Amino acid sequence: MEGLSNITFTIVLGLLMLLVASSVSLAEPQTHYHEFVLQATPVKRLCMTQNAITVNGMFPGPTLEVNNGDTLVIKVINKCQYNATIHWHGILQIRTGWADGPEFVTQCPIRPGDSYTYRYTVQGQEGTLWWHAHSSWLRATVYGALIIHPKEGSSYPFPKPKRETTLLLAEWWNANPIDVIREAIQTGGAPNISDAYTINSQPGDLYNCSSQDTVIVPIDSGETNLIRVINAAMNQELFFTIANHMMTVVGADASYLKPFTTNVIMLGPGQTTDVLITGDQPPSRYYIAGSPYQSAQNAPFDNTTTTAILEYKSALCPVKGLGVKPVMPTIPAFNDTNTAMTFAQSFRSPQQVEVPTEVDENLFITVGLGLNNCPPNFPSSRCQGPSGTRFTSSMNNVSFVLPSNFSLLQAHHQGIPGVFTTDFPANPPVQFDYTGNVSQSLFQPLSGTKLYRLKFGSRVQIVLQDTSIVTPENHPIHLHGYDFYIIAQGFGNFDPKNDTAKFNLVDPPQRNTASVPVNGWSVIRFVADNPGVWIMHCHLDVHISWGLAMAFLVENGIGIMESIEEPPPDLPVC
């Protein structure tokens with residue numbers, strides 16, 4: 001009997017050890033391998049079929065789901081006719097700048113027929129991010145969600161939702177988006193506006209030939225569900241509403257927030273917002289709507305509304321039928337800046353954060369449009385901007401020009417001269433009434449590939465100031481390689497004497513894309529502790545096409561862990 005007891009004890013002990021070992025292995029970071037094939041795929045929308053560029057024939061592209069701490073290895077094979085890259089929007093890419101993706105910034109493009117493998121580790125991020133092409137206007141159809149769950153054994157800082165749904169807002173053209181931007185660059189005018197907005201690539205009930213594929217979001221009475229909202233639109237900030245349902249905002253750009261409740265959210269292109277909704281309404285069908293926020297006066301825009309349907313599973317069968325029209329939400333006016341600003345100023349981090357209280361680098365950067373005079377050798381057909389000009393845009397009067405023979409990171413890492421300079425101005429070359437009536441002598445910026453050098457560990461503050469050159473506008477400014485704290489926002493010209501009193505240095509929100517208010521300013525701070533070359537640009541893609549960008553060159557620190565990794569062997573050549 002004693003021998004049997006020993007055997008039993010040994011078996012039980014072995015099983016316990018196996019359980020412990022398996023639980024430990026479950027908690028270990030995982031490596032996820034994926035293959036993305038870029039290819040032309042027939043896609044029918046709005047009664048017409050376009051040959052759209054997709055990933056693996058999927059539109060939107062595949063959703064990547066990982067845990068905080070996991071590693072992604074994604075081989076991108078380019079079988080389409082265009083040069084391409086993929087950017088993992090919001091991933092910090094600590095020491096792995098070669099995997100960031102912007103064309104001619106951290107890599108040369110993947111040529112048709114070639115491939116490149118992106119390798120990076122998610123470090124200290126949880127929530128909703130996304131990935132998209134970062135070459136010309138390919139991202140109009142090449143995009144998808146990147147969901148980062150808490151580490152195994154960890155949980156959300158809010159009650160676990162019953163279900164999770166990801167909704168990607170975007171734009172659709174009844175044309176090839178590459179042709180749309182190429183025509184605009186050729187003519188010097190504004191690109192044609194989109195023909196529809198979409199939710200998970202579907203326009204919804206309010207457009208022709210679309211209602212049969214409207215996205216259905218299930219919910220049941222009493223459930224609390226998490227909805228991850230991503231603005232993947234090319235050129236349009238968007239309001240997002242759900243009929244008769246309040247939303248509790250709990251995160252944005254893969255950072256948690258102090259929860260607050262609202263009936264409308266606003267996202268600029270590039271931004272994500274996580275909201276909780278509760279099934280507390282009579283079981284029925286309710287429209288989810290994405291509608292434009294247009295802050296630029298007199299600029300043409302797509303003034304339509306995309307819809308999905310929030311559908312209660314417990315709704316009676318007749319209610320689910322096509323004959324019962326869903327309830328429509330109250331949609332903000334397209335120019336409702338007050339609602340947009342009120343929403344932005346509601347953001348707080350969940351607790352006190354380590355925002356830099358002292359700064360080593362204090363930059364003041366104007367962001368806005370411009371107009372280039374028509375070159376003498378150009379016919380009028382190539383100068384179709386206002387009064388025979390060509391549209392441009394700039395930061396601190398420098399319209400950013402991407403190189404074409406080397407990427408900026410490659411030129412920096414290999415010491416290749418003549419690709420860029422490091423004289424991007426820390427302040428506007430000319431001070432003026434930025435949001436007032438600006439002299440037309442300031443409408444035409446210089447062009448250049450100017451970077452701003454930062455020492456490793458520098459504490460950086462940037463005042464981002466909108467201008468009224470051509471027209472004031474809300475600009476979603478995205479910084480690659482970093483999250484930053486938005487410590488203040490306001491209207492008018494930033495006043496360092498009075499506006500510093502508005503700085504929130506206790507619990508400001510952490511973002512990777514900051515909305516600079518129309519005729520206003522935003523102030524951000526971060527520590528430059530990620531070496532590499534990192535572009536900062538407006539995420540309205542027409543603006544980056546015109547030069548609304550600059551880049552930081554962050555030097556290596558001390559030792560391997562403060563230095564960028566060596567480039568991978570399959571890094572594309574130009």
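**Cavities, a sheet and pockets**

Modeller: Let's start inside: the largest cavity holds about 60 Å³ of space. Bear in mind that this is a predicted model.

Colleague: Happy to. Why is that space called a cavity and not a pocket?

Modeller: A 1.4 Å probe fits at the points of a cavity but cannot get out, whereas a pocket is an open set.

Colleague: How do you know what classes of residue line the largest cavity?

Modeller: Met, Tyr, Ala and Pro count as nonpolar, and Asp, Glu, Lys and Arg as charged. The lining therefore divides into six nonpolar, four polar and no charged residues. For the second largest cavity, the lining has six nonpolar, two polar and three charged residues.

Colleague: M266 turned up in that lining. Which residue does M266 stand opposite?

Modeller: M266, in β16, stands opposite F239.

Colleague: What makes β13 and β16 a pair?

Modeller: Pairing takes at least two bridges. Three bridges join β13 (residues 237-242) to β16, so the two strands count as a pair, and they run antiparallel.

Colleague: And why are β11 and β16 called edge strands?

Modeller: The five strands form an open sheet in the order β11-β19-β18-β13-β16, with mixed pairing. β11 (216-219) and β16 (265-267) each pair on one side only, and they are the edge strands.

Colleague: How do you know that α4 packs on the sheet?

Modeller: Contact means heavy atoms within 4.5 Å, and α4 touches β13, β16 and β18 (285-293). The direction of α4 makes about 90° with that of β16.

Colleague: Which element gives the most to the lining of the largest pocket?

Modeller: α2 does, with five residues. By class, this lining has 20 nonpolar, 15 polar and five charged residues.

Colleague: And what volume does the second largest pocket have?

Modeller: About 490 Å³. The largest share of its lining, three residues, comes from α6.

Definitions and conventions:
Residues numbered from 1 in each chain as written. Predicted model: local features only at pLDDT ≥ 70, side-chain atom pairs only at ≥ 80, totals over all residues. Heavy atoms only, no water. 1 Å grid on protein atoms, 1.4 Å probe; cavity = no way out; pocket = protein on both sides within 12 Å on 5 of 7 lines; lining within 4 Å. Points joined across faces, edges and corners; volume = space filled by probe spheres on them. Helix = DSSP H or I, 4+ residues; strand = E, 2+ residues; numbered from the N terminus. Axes fitted to C-alpha atoms, helices over the stretch in contact; angles between N-to-C directions.
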